[in-house]
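Colleague: I have a structure on screen and a few things to ask about it. Can you walk me through it, one question at a time?

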Amino acid sequence: MLRYIIKRILSLIPVVFLITVMLFTLLKIMPGDPVRMMLNPGLKAEHYKAAYDAMTIKLGLDKSYPEQYVRWIGNTFQGELGWSTLHNRPVKDAIKEPLKNTIILNIFVIILELAITLPVGIKCAVKRGTRYDNFWQVFSLITYSMPSFFIALSLIFILAIRLRWLPPGGMPLTIHGRNFAYYLSWLKYMALPIITLTIISLAGTIRYVRNAMIDALTQDYIRTARSKGLSEKVVIYSHAFRNALIPVSTIIIGAIFSLFYGAAITETVFAWNGIGHVLVKGLSNRDFMLVISMNLFFAMLSIIANFVADITYGLVDPRIKLE
Amino acid sequence: METKTGQDPVLKRQTGILQSFFSMIKRLFVKDKPQLSALEEEAIQTPAKTVMKNFLRHKLGILGLVGFICILAFSFVGSYLKPINLGHMETTLRNIRPGYNYLKYPSQLVKEGVKTISSGVSFSVGLSQAGNVYVWGTQPVYLLEGFSTSIHKIPEEVKQANIVQVTAGDRHILALDDRGKLYGWGLNNFQQAEVPTNLQSKLNSKQVAEIIGSELYSAVLFADGELYVWGSTMANRLDIIPAECQGHIVKVAASSNNMALLLDDGTVRTTGIENVFRRVPEELQDGSAKIVDLASSYRAVLALDDQGELHAWGDTEFGILNAPEIPSKVKAMAAGKNNMTLLLDNGQVVYWGADHYNQLRLPPRLQQKPVAKVFSTMFQNYALHEDGTLTAWGNKGFLFGTDEQGRDLFTRIIHGGRISLTVGAISVVISVIIALFFGMTSGFFGGWVDNLLMRFTDVVMAVPFLPIAITLSAVVSGKVPEMYRIYMIMVILGILGWPGTARLIRAQILLEREKDFVLAARALGVKYYNIIIRHILPNIFNLVIVNITLRYAGSLLTEAGLSFLGFGVAPPTPSWGNILQNAQSSAVIEYYWWRWLIPGLFVVFAALSVNLVGDALREAMDPRANQK
């Protein structure tokens, strides 16, 4: 097992290297002069040249590309993500608050997602072919075919504009202090993004859980369990579900890591100051240092998520020999 | 290796004898059957035929296929039938809700006899000889307390009063009764549909010659030659009428930002913002030509002098200044927003100018029957024939409404569909080609090739799709001319989308390549290349097709999302996503629902059809799936 993990980690090294090289290349071909963005445009012409050269050396842009790459990687892994021109402060500080907002949002989404998909997926598999199953099949097919912004706009139209139950978007104000009303307003502002993201996540996951459960239910040991005279409840929850959990564990791991993913479109539509919205804003304002850092962050996250999912799979499923 | 029995001549003869012996016995008891070859007896069909048969049994799949064909026909045949003019916009027509009834005048109006008709952006108001007011067409604005009232809701007092004049502004209506009382309804954001108090006192004491409604403003011309203008006049200062003109005005031609005034000495003056409209020819100002009538389009004026000569000045667009040959004398004239209309003595109508809404396609009835009166305002035209019937032509309406620049959404959705469907298709083709290459080489050669290619696949898979697609699009769009941005989107979606498919293909090949037929092919000495192409590829083809279909739906959604955020297809080229780009404000969501709902539904409909087809194909190609 340990050997497998080490082998897996070693195989990650070239992947990480290639990704960083790719992002570094992207950073280099991006339009705009990073030195000029750092300088005060009010400088006089004769001072400007000197300041420009000084800044070039300070940023290390006078060195060759490989040297620049090494420097960039070094800084990045020490947590120095560069300077955000849009927010006019270090990228690290600029994304702290949005990252928090995104995580708060995603906690609710993931809890809702798992709380709905697991029971529904199991019930669909057990009752497959019935009206209940068909309803969820159609539901997931339709929501799977909907662009996220369309779901978001429809929800705004119905819940925020027609019924006036919820605010159409934005962030809660913090002026009133941290009392009950404050947390309530958080919930109110989060409600629409949460519903949207939950609906989007439901479509794929329900199908996945259902198929995993159907696979488990068609195994021979289920027939054995039934012929032993076990009650249907024991058969389903004790025999089938525990086996279905093996593939399902992948989506649970994925869900946990997706905590940090910002939903670019949904957050933009609801003007939720999350990490996805910051990315879109950064791109519109050509704040490339921010964008590249965030892409690197997302890429590393998905590599680690894949790695953890693989390892867990091996741990959970005794049939798999990880060698 | 097994020995091939069929090759042995002795054995073959023996089996032949045995067979005929058995068939002889069989014939003794059972009715003779025609001899069939093994293939016929089993009725084996080609895999494609099986898939087709299975697919046809799948009702939802058929539904999806029909839906998708409809969408394809709508977009591709539609864009051939309804060409788009990307540069065209008409801000006057902005944000009008769906409606196709602009020219559907009520028959009651014709029955009672038409006195006058005047049109706004999307509606017309008519006055019958009996003094009844009729309004038809589409509500041009959203209704909000104090901001606007429905143009269809004619006020009770108007219904009671004996109306002698009506006129339509762009989004409001004015009516005058025989006692000199003025009524207004419709858009009132600049109080253009209200009577100001100082006008009221004038109305009480003086006779009104004409009431005029125009874009966001209204005007009253009194019989004594005084003009009063109110409404949105801050920018164009139309409310300031030169002192030397006041009291001498006999006719007014109103445009969005200008007015042409005909004075009692036959000369012409203009007011409003400085532009070509105001460059009145010398002979019309010094009195050498005596003008009797005038009409004005958006930025051009047409004037008729007492000799029957036409004078025109202003903007030359749409050839609006070039009047065609006129066979007889001009009886009356009128002007739409971008068109000029002349009614001749012999009852003929001459019409020229822009053709954005098929205005120039005149109905044949118009020329067959002599015309008594023409009413041209905005984009709708009506001709009253001498026998009392009415012919209408011009802008029939907008099936899906208009956007914030007054562009027809129906046309934009047709062409947007063509772009979105094409971008999706080509990006999938690109990614499948890459995936096939990676998956097949990796799966077939294995070893270090496999390892290398799969690590590379891991890299592409690890980069988060939407952020990197947005980043790439933002980076490349600075370096690529606007025209080629569409191709760029296709390539970006293509080169980011292949890893999933490549892994799938690789896994399938690993499965196939262990099978006996590959072993047999190898033993026969078939070349590696041929084994891949002729033996393995056909076996993974089903899988690839299903994958392409499902990926296509995803690709449609991704393009829509990218364009929605402004990183996809760049306007003015429409795509389903970028039509929605300006629909993010809650004002649009609330008041202009057609601008996001209709294009959104098209995306959903297209993606849903493709997904249905994909699901059905998957089940059709995997017979085991049916048992589940």
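**Questions on chains A and B**

Colleague: In which loop of chain B does Gln191(B) sit?
Modeller: Bear in mind that this is a predicted model. Gln191(B) is not a glycine, yet it has a positive phi of about 60°. Its place in chain B is the loop between β6 (182–186) and α7 (197–205).

Colleague: Is Gln191(B) buried or partly exposed?
Modeller: Buried needs under 20% relative accessible area, and exposed needs over 50%. Gln191(B) has 43%, so it counts as partly exposed.

Colleague: Which loop holds Asn95(B)?
Modeller: Asn95(B) also has a positive phi, about 50°, although it is not a glycine. Its location is the chain B loop between α4 (59–81) and α5 (107–112).

Colleague: Is Asn95(B) buried or exposed?
Modeller: The cut-off for buried is under 20% relative accessible area. Asn95(B) has 12%, so the label is buried.

Colleague: What is the C-alpha separation of Thr402(B) and Arg595(B)?
Modeller: Thr402(B) belongs to the loop between β21 (390–394) and α10 (409–445) of chain B. Along the chain, Thr402(B) and Arg595(B) are 193 residues apart. Their C-alpha atoms are separated by 7.5 Å.

Colleague: Which residues is Thr402(B) in contact with, leaving aside neighbours within four places in sequence?
Modeller: Thr402(B) is buried, at 0% relative accessibility. Its contacts include Asn95(B), the residue with the positive phi of about 50°.

Colleague: Where in chain B is Gln359(B), and is it buried or exposed?
Modeller: Gln359(B) is in the loop between β18 (349–353) and α9 (364–368). Its relative accessibility is 0%. That is under the 20% cut-off, so Gln359(B) counts as buried.

Colleague: What C-alpha distance separates Gln359(B) and Trp393(B)?
Modeller: Leaving aside neighbours within four places, Gln359(B) is in contact with Asn339(B), Tyr351(B), Ala354(B), Phe379(B), Trp393(B) and Gly394(B). Trp393(B) is 34 residues away along the chain. The C-alpha separation is 6.4 Å.

Colleague: What is the omega of the peptide bond from Pro571(B) to Pro572(B)?
Modeller: Pro572(B) lies in the chain B loop between α16 (528–565) and α17 (576–579). The bond from Pro571(B) is cis. Its omega is near 10°.

Colleague: How many disulfides are there over all chains?
Modeller: A disulfide is a covalent bond between the sulfur atoms of two cysteines. The rule asks for a pair of cysteine sulfur atoms within 2.5 Å. By that rule, the count over all chains is zero.

Colleague: Which is buried and which is partly exposed, Cys70(B) or Cys245(B)?
Modeller: Cys70(B) has 45% relative accessibility, so it counts as partly exposed. Cys245(B) has a relative accessible area of 0%. The buried residue is therefore Cys245(B).

Colleague: How many helices and strands does chain A have, and why is chain A called more spread out than a compact globule?
Modeller: Chain A has 14 helices and two strands. For its 323 residues the globule rule gives 20 Å, so chain A is more spread out than a compact globule: its radius of gyration is 25 Å.

Colleague: What radius of gyration does chain B have?
Modeller: Chain B has 20 helices and 21 strands. Along its principal axes, its C-alpha trace spans about 125 × 65 × 50 Å. A compact globule of 628 residues would come near 25 Å, but chain B has 36 Å.

Colleague: What share of the 628 residues in chain B is buried?
Modeller: Chain B exposes about 29500 Å², with 58% of it from carbon and sulfur atoms. For the residues of chain B, the buried share is 51%.

Colleague: How far apart are the centres of the positive and negative side chains in chain A?
Modeller: Chain A has 33 positive and 18 negative side chains. Its accessible surface is about 16800 Å², and 65% of that belongs to carbon and sulfur atoms. The two charge centres lie 9 Å apart.

Colleague: And in chain B, how far apart are the centres of the two sets?
Modeller: Chain B has 57 positive and 52 negative side chains. The centres of these sets are separated by 14 Å.

Conventions:
Residues numbered from 1 in each chain as written. Chains lettered and ligands numbered in written order. Predicted model: local features only at pLDDT ≥ 70, side-chain atom pairs only at ≥ 80, totals over all residues. Heavy atoms only, no water. Helix = DSSP H or I, 4+ residues; strand = E, 2+ residues; numbered from the N terminus. Rg over C-alpha atoms; globule rule 2.2 N^0.38 Å. Areas by Shrake-Rupley, 256 points an atom, 1.4 Å probe, with all protein chains shown as cover. Lys, Arg positive; Asp, Glu negative; His and termini not counted. Charge placed at Lys NZ, Arg CZ, Asp CG, Glu CD. Buried < 20%, exposed > 50% of the residue type's maximum accessible area, 1.4 Å probe, protein only. Contact = heavy atoms within 4.5 Å.
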